[in-house]
Amino acid sequence: MDCNIGVIRGDGIGPEIVAEAVKVLDAIGAKYNHTFHYDEILMGGCSIDATGEPLTKEAIEQAKRADAVLLGSIGGDAKTSPWYKLPADKRPEAGLLGIRKALHLFANLRPAYLYSQLNEACPLRDDIIGDGFDMLIMRELTGGLYFGKRETREVNGKIEAYDTLTYNEDEIRRIAIKAFDIARKRRSKVTSVDKANVLDSSRLWRKIVEEVAADYSDVTLEHMLVDNAAMQLVRDPKQFDVILTENMFGDILSDEASMVTGSIGMLSSASLNETKFGLYEPSGGSAPDIAGKGIANPIATILSAAMMLMYSFDLDEEAYAVETAVSKVLDEGYRTIDIMPAPGKDTSNITQVGTKKMGDLIVEHL
């Protein structure tokens, strides 16, 4: 297979962690007889430095020509970087919002997987962790409360504000289809999270999700109110496979799920549109304080590349090979500094490595 990948190395640690993900993709290509072509795309602070804009029209067109885009990180130190003296629409993060809109990326996928080797990083009790958990939160990314009509105004001498939560059936149906399709690649269970006991938008959400479920007899559907879902994520996270929810609920629940894994440096993510196209990036930030030191954890970016193999290219075996290689490297006790055991813990079987070495080790295990 020939695949065209747009590569946005970005700012901070972005170039370092993307380099390791590309290294892993090339190893997969060599092993499974695929060819990955890379097109370098400027976005974020580096684009501001080069063009004066966080995202140019040329960069958008490059991304549209790709089969998928791999992104490192965007932004810098808000206190010291000259980028943050610019108007909000000219700052690095505006590039990320712009590319999501331009590429119609409405489905955000954030896996929350607890590696058994990193159980100590999880804040939950051992009896709750059990043998670990593996869930994926599917968040609708372009509708709902964040994109509805809003206003702050003065009424009868008092200031009031309102925000409007609006969804139409097409927006709900397309994200639900994505969730059920992806559940088929996992454990065939979808938990749809809403607030249907209160909100009309949630009642419509539930109705459309049930209509979509009728076409997926092999996938189990359950409904859960969002307040209960927030509780269940810390009470029994292993019960979840795919969590499907709207924009604001997904924003909150995905951060909660990230926390219970104990290490954001291990968390991949993807944003998809209605085709196989997706933008894949680690959940962490640009970490400008450690940029150039060779100590950043590349695993989240490497796992994002694995998501690309699975969801954009349907190369499931290759994706599993990457995930297995990561697990084997952790089994052998290799850690970047962010996932080293806490002070006072036994480190006799643990070896601290840098960014490049971690990438090399994962390649060796493919």
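Modeller: A word on naming: helices (H or I, at least four residues) and strands (E, at least two) are DSSP runs, numbered from the N terminus. This is a predicted model, in which local features need pLDDT of at least 70 and side-chain atom pairs count only at pLDDT 80 or more, while totals for chains, interfaces and linings use all residues. Residues are numbered from 1 along each chain as its sequence is written, and side-chain values use heavy atoms, with hydrogens and water left out.

Colleague: Okay, α9 then. Which of its residues are buried?

Modeller: Buried means under 20% relative accessible area, exposed over 50%, and partly exposed in between, with a 1.4 Å probe and protein chains only. In α9 the buried residues are Asn247, Phe249, Gly250, Leu253, Ser254, Ala257, Ser258, Val260 and Thr261. Looking down the axis of α9, these buried residues fall within an arc of 155 degrees (taken from the directions from the helix axis to the C-beta atoms), so they line one face of the helix. Ile252 and Met259, on the other side of α9, are exposed.

Colleague: And what do the buried residues of α9 pack against?

Modeller: They pack against the strands β4 (107–113), β5 (134–140), β8 (189–194) and β10 (242–245), together with α7 (200–213) and α8 (226–235). Contact here means heavy atoms within 4.5 Å.

Colleague: How far apart are the end C-alpha atoms of α9?

Modeller: They are 21 Å apart, which agrees with the 21 Å that its 15 residues, 247–261, should span at 1.5 Å a residue. The expected span is 1.5 Å times one less than the number of residues. At the start of α9, a side-chain oxygen of glutamate 246 comes to within 3.2 Å of the backbone nitrogen of methionine 248.

Colleague: Which residues is threonine 261 in contact with?

Modeller: Threonine 261, which belongs to α9, counts as buried because its relative accessibility is 4%. Apart from neighbours within four places in sequence, threonine 261 is in contact with Ala112, Tyr113, Leu114, Ala121, Cys122, Phe133 and Leu267.

Colleague: New topic, valine 7. Where does it lie?

Modeller: Valine 7 lies in strand β1, residues 2–10, and counts as buried because its relative accessibility is 0%. Leaving out neighbours within four places in sequence, valine 7 is in contact with Val18, Tyr38, Asp39, Glu40, Ile41 and Leu70. Glutamine 62, which lies in α3 (57–65), is likewise in contact with Asp39, Glu40 and Ile41, again apart from neighbours within four places. Glutamine 62 is buried, with a relative accessible area of 12%.

Colleague: What about the rings: how many aromatic pairs are there?

Modeller: The count comes to four. Rings of Phe, Tyr and Trp (its six-membered ring) pair if their centres lie within 6.5 Å, and planes under 30 degrees apart count as stacked, over 60 as edge-to-face and the rest as tilted. Tyrosine 113 and tyrosine 115 form an edge-to-face pair, 4.6 Å centre to centre with 80 degrees between the planes. Tyrosine 113 is partly exposed at 37% relative accessible area, whereas tyrosine 115 is buried at 7%.

Colleague: Last one: what is phi of asparagine 156 near?

Modeller: It is near 55 degrees, a positive value in a residue other than glycine. Most residues other than glycine have a negative phi. Asparagine 156 lies in the loop between β6 (150–155) and β7 (158–163) and is exposed, at 79% relative accessibility. Serine 188, in the loop between α6 and β8, also has a positive phi, of about 60 degrees, although it is not a glycine.

Note on methods
Polar contact = N/O pair within 3.5 Å; in protein donor to acceptor, adjacent residues only side chain to side chain.
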